[in-house]
Amino acid sequence: PAHRASGASRPGVARLQLCDSMLGPAVAALLTHQPYLGGFEPSYADAELFVRCSGVVPDGMPHLSRWCEHIASYTALERLQWQ
């Protein structure tokens with residue numbers, strides 16, 4: 001499941017910084033209009049971002065939180081098969 005970032009001592013914060021820089025306002029806005037990064041089917045981009053973010057969701061990003069929880073519902077094997 002997704003976790004909220006709450007401080008620098010939390011595991012995954014270094015990856016959270018990468019996630020923040022990748023997400024920017026454009027990607028966060030994108031997830032307000034579609035369920036996946038590439039549209040309406042999961043893709044390699046979803047799997048890759050999920051791994052890079054380690055399931056850590058910055059505060060104040062409800063659509064990213066929803067996306068992360070949804071991507072986490074797939075098994076690692078399923079995510080590896082996305083193109």
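**Packing of helices H2 and H3**

Asp46, Leu49 and Phe50 in H2 meet Trp67, Cys68, Ile71 and Ala72 in H3. The model described here is predicted. Two packed helices are described by the angle between their axes and the distance between the axes. For H2 and H3, the axes come within 11 Å. The crossing angle is roughly 100°. This value falls in the range of 65 to 115 degrees, so H2 and H3 are roughly perpendicular to each other.

The nonpolar core was examined next. In soluble globular proteins, nonpolar side chains tend to be buried together. Here the largest nonpolar core has 14 residues. Leu64, Trp67 and Ile71 have the most contacts inside this core. Both H2 and helix H3 (62-72) contribute, each with at least two residues. Trp67 also has contacts beyond its sequence neighbours. With those within four places set aside, Trp67 is in contact with Leu31, Pro35, Tyr36, Leu37, Asp46, Leu49 and Phe50. Among these partners, Asp46, Leu49 and Phe50 belong to H2.

Helix H2 covers residues 44-53. Its buried positions are Asp46, Ala47, Leu49, Phe50 and Cys53. Three of these, Asp46, Leu49 and Phe50, take part in the meeting with H3. Arg52 pairs with Glu48, and the closest N and O atoms are 2.6 Å apart. Arg52 and Glu48 lie 4 residues apart in helix H2, so about one helical turn separates them. Arg52 is partly exposed, at a relative accessible area of 33%. Glu48 is likewise partly exposed, with a relative accessibility of 24%. The salt-bridge count comes to 1. Just after H2, Ser54 adopts a positive phi of about 55°.

Ser43 is found in the loop between helix H1 (13-33) and H2. Its relative accessible area is 13%. The cut-off for burial is under 20%, so Ser43 is buried. Beyond neighbours within four places in sequence, Ser43 is in contact with Gly38, Trp82 and Gln83. Val56 is placed in strand S2, which spans residues 56-57. Val56 is also buried, with a relative accessible area of 9%. Between Val56 and Cys68 the sequence separation is 12 residues. Their C-alpha atoms are 8.2 Å apart in space. Cys68 is one of the H3 residues that meet H2.

The protein chain as a whole was then considered. It has 4 helices and 2 strands. From the N terminus on, these elements run β-α-α-β-α-α. Of the 83 residues in the protein chain, 35% are buried. Contacts were also sorted by sequence separation. Among contacts between residues at least 6 apart in sequence, 66% join residues at least 24 apart. The accessible surface of the protein chain comes to about 5000 Å². Carbon and sulfur atoms account for 60% of that surface.

Methods: Residues numbered from 1 in each chain as written. Predicted model: local features only at pLDDT ≥ 70, side-chain atom pairs only at ≥ 80, totals over all residues. Heavy atoms only, no water. Buried < 20%, exposed > 50% of the residue type's maximum accessible area, 1.4 Å probe, protein only. Contact = heavy atoms within 4.5 Å. Areas by Shrake-Rupley, 256 points an atom, 1.4 Å probe, with all protein chains shown as cover. Salt bridge = Lys/Arg side-chain N within 4 Å of Asp/Glu carboxyl O. Core = buried A, V, L, I, M, F, W, Y, C linked by side-chain atoms within 4.5 Å. Axes fitted to C-alpha atoms, helices over the stretch in contact; angles between N-to-C directions. Parallel < 35°, antiparallel > 145°, perpendicular 65-115°, else oblique.
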